[in-house]
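Subject: Handing over the structure

Hi,

Here is the structure I promised to pass on to you.

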Amino acid sequence: MKMLLLALALGVAGIFTGPAAQAQTSLIQNAPARRVLSLNGSWNYIIDPYENGFYDYRREAFDKSATGKGGYYDNAKPSTAQEPELIEYDFDHSAALQIPGDWNSQDPKLLYYEGTIWLKKSFKITPTAGKRYFIYFGAINYESHIYLNGKKLGMHQGGFTPIQYEVTGKLNSGDNFVVVKADNTRHLDAVPTINTDWWNYGGITRDVYIAEAPETFIVDYKVQLAKDNMSQLAGYVQLDGTGKTGQSVTLNIAEAGIKQILKTDGDGRATFSIPAKKLKLWSPQSPKLYAVSLTNGSETVQDKIGFRTIQTKGQDILLNGKSAFMRGISIHDENPLIPGRARGEGDLRMLLTWAKELGCNYVRLAHYPHNEAMLRLADEMGLLVWAEVPVYWTIAWQNPATYQNAETQLSDLISMGKNRASIVVWSVGNETPLSDPRLTFMTNLVKKARALDDTRLIAAALELHRTPDNVIHVDDPLGEFLDLTSFNEYAGWYWGGKPSEITKYTFDIKYSKPVFISEFGGDALAGYHGDAETRWSEEYQESLYQNQLKMLGTIKGLRGMTPWILADFRATRRQHPVYQNGFNRKGLISSTGVKKKAFYVLQEYYRQQAAKYDGGK
Ligand code: GCB
């Protein structure tokens, strides 16, 4: 009987996918700048492929909603005494992972692990009466169930966007613990779906903290230039809390001589449009950031914000009204030297410093939202950014829940990045094969992005096709709805033929918009040498870049590129035992940080482009 009950319970667990991703409170803008208690550091963990941690031993049932007692979220303490129930786990004596950090790179037995791991952190806090508290996770891949002191806060899906729950009244004065069930199982109807060309790193990969705020507080704001207008600020401030109506919020940009008192409406919102004639504009050559502060009563939120415009005119891209060429490179959120997910500022700065050395003024942060810290660094270091959601290859185009998931990830990305001058492009997806349901899905995402932010360009890596006459046709119907004609092409690598034959291709591009090559490239194992026809050699990759740049130079309206990719990265599908060993080797920099020959080809090309467009800067 007992067995049967258990079997039934298992059956139920098999089909029960849990509640839909629970609505979170609207994301706190610039959360790290609030008064925070960091929960980074050592988290004890239990590997749980059978999901026993959900097991409620009192009710003999797997309980995925698990609001009750009985699972690992209780953080129970086993003892040798005769207890009514046997406790067969113990976080405090379990091994620890460093957070932020994926689990795959921290424990050899977890390199390929896909499934559930429970993580626990104990901490002390003394909440102040009258204050509000929010627990904030920069990202957890992919599905997370979060518990505070044994009580469930919520469930979240999506591996690259922030997660936030209000915990006011739920914190003990003194000892507390938070338990996270992180599950990186891939699902057909998820975003991304089951097939990607990057490592499925699991765990709590970005910062964790508790943020404190006053009872009524500044939850969100946007301080940017008005669309296509270099001398007008436009934006809003949003308060949250019982006293949010009719409040005064002071916007102060002292260095620009701007001080304005804003009044919130019945929804706690104050919108503004303020002349700002003397602003020094942000650009890669001069990444000027202003100290911006917003004050409401005793609360002041400080940010550093740059101001610039971005628009297209015919086949031109105008940055602050001036024609620009995007000297870019694609980047994964991975430090190849670990190798593992980039953990924070040091790792991220290394990646962007490499991009600067290459001569870039632009980076494609592929293929999912990157760390907020990366966006801030790009602001500071003067790099334009293409930011993207993981709508990658095939997606369950006809599943409404999948669409909702993609839209939520896009909205959260835009919410997180909307004050960053560096971000000039929102990308709604990558290489999504043509079909009517796909077009509906993708154009809905485009509409959503425009509704949330009409000041930036919208793009995607479009599909293309080749004909036997070596013509590359770019006529993907999605192109109609985008600001850039952006696409990936792999002449000289996947398309066969030697690098020297790349120049035989010509382009037939349907849209008269700026053309942007969002990927090209080929693999090379650093230190492996041959001639320009020896696949996997540095010389092959070098020649591929030389000929690609020649071919691309023939495209009318070419306004930039982000070749694939800055550094070698882990990819499960890359199994060649000699040249790949689980790495995609298209990096211009190896997994040990060595620059390959092609790096210098692109560097020289970018030097010439910088001289042509930006006076060498
Ligand atoms: C692509 C994908 C990228 C892959 C790359 C490759 O088209 O967009 O995610 O890693 O090709 O190396 O095949």
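The shell around the ligand is made up of five nonpolar, four polar and five charged residues. Please keep in mind throughout that this is a predicted model. Around the ligand there are 14 residues in total, and those that come nearest are Asp197, His367, Tyr392, Glu431 and Tyr494.

The side chain of Asp197 places an N or O atom 2.5 Å from an oxygen atom of the ligand. For His367, a polar side-chain atom lies 2.6 Å from an oxygen atom of the ligand. Lys586 likewise has a polar side-chain atom 2.6 Å from a ligand oxygen. How much of the ligand's accessible area does the protein cover? On its own the ligand has 310 Å² of accessible area, and the protein covers 97% of that.

Next, the second largest pocket. Its volume is about 550 Å³. The lining of this pocket counts 27 residues, and Pro32, Glu345, Glu372, Ala373 and Arg376 are the closest to its centre. Which elements give two or more residues to this lining? They are strand S1 (35-38), strand S21 (299-305), helix H2 (345-357) and helix H3 (372-381). Helix H3 supplies the largest share, six residues. Sorted by class, the lining of the second largest pocket has nine nonpolar, six polar and twelve charged residues.

The largest cavity holds about 140 Å³ of space. Its lining consists of 16 residues, with Asn141, Arg186, Pro192, Thr193 and Asn200 lying nearest the centre. By class, the lining of the largest cavity splits into seven nonpolar, seven polar and two charged residues.

Pro192 turns up again in the backbone. The peptide bond that runs from Val191 to Pro192 is cis, with omega near 5 degrees. Pro192 itself sits in the loop between strand S12 (174-183) and strand S13 (203-204).

The second largest cavity contains about 80 Å³ of space. Among the residues that line this cavity are Gln224, Leu225, Ala226, Lys227 and Asp228, together with Gly306, Phe307, Arg308, Thr309 and Ile310. Thr455 and Arg456 also belong to the lining of the second largest cavity. Its residues divide into four nonpolar, four polar and four charged.

Two further backbone details could be handy when you go through the geometry. A cis peptide bond also joins Ile338 and Pro339, where omega is about -15 degrees. Pro339 is located in the loop between strand S26 (334-335) and strand S27 (340-341). Asn30, a residue other than glycine, has a positive phi, near 55 degrees. You will find Asn30 in the loop between helix H1 (2-15) and S1, and S1 is also one of the elements that contribute to the lining of the second largest pocket.

Finally, the chain as a whole. It has seven helices and 39 strands. The C-alpha trace spans about 80 × 60 × 45 Å along its principal axes. Why does the radius of gyration of the chain agree with that of a compact globule? A compact globule of 617 residues would have a radius of gyration near 25 Å, and the chain has 25 Å, so the two agree.

That is everything from my side for now.

Best wishes

Note on methods:
Residues are numbered from 1 along each chain as its sequence is written. This is a predicted model: local features need pLDDT of at least 70, side-chain atom pairs count only at pLDDT 80 or more; totals for chains, interfaces and linings use all residues. Side-chain values use heavy atoms; hydrogens and water are left out. A residue is near a molecule or strand if one of its heavy atoms lies within 4 Å of it. A polar contact is a pair of N or O atoms within 3.5 Å; within protein, one must be able to donate a hydrogen and the other to accept it, and residues adjacent in sequence count only if both atoms are side-chain atoms. Accessible areas come from the Shrake-Rupley method with a 1.4 Å probe; for residues, only the protein chains shown count as cover. Ala, Val, Leu, Ile, Met, Phe, Trp, Tyr, Cys and Pro count as nonpolar, Asp, Glu, Lys and Arg as charged, and the others, Gly among them, as polar. On a 1 Å grid over the protein atoms alone, a cavity is a set of points where a 1.4 Å probe fits but cannot get out, and a pocket is an open set with protein on both sides within 12 Å along at least five of seven lines; lining residues have an atom within 4 Å of a point. Grid points are joined across faces, edges and corners, and a volume is the space filled by probe spheres set on the points. Helices (H or I, at least four residues) and strands (E, at least two) are DSSP runs, numbered from the N terminus. The radius of gyration is taken over C-alpha atoms; the globule rule is 2.2 Å times the number of residues to the power 0.38.
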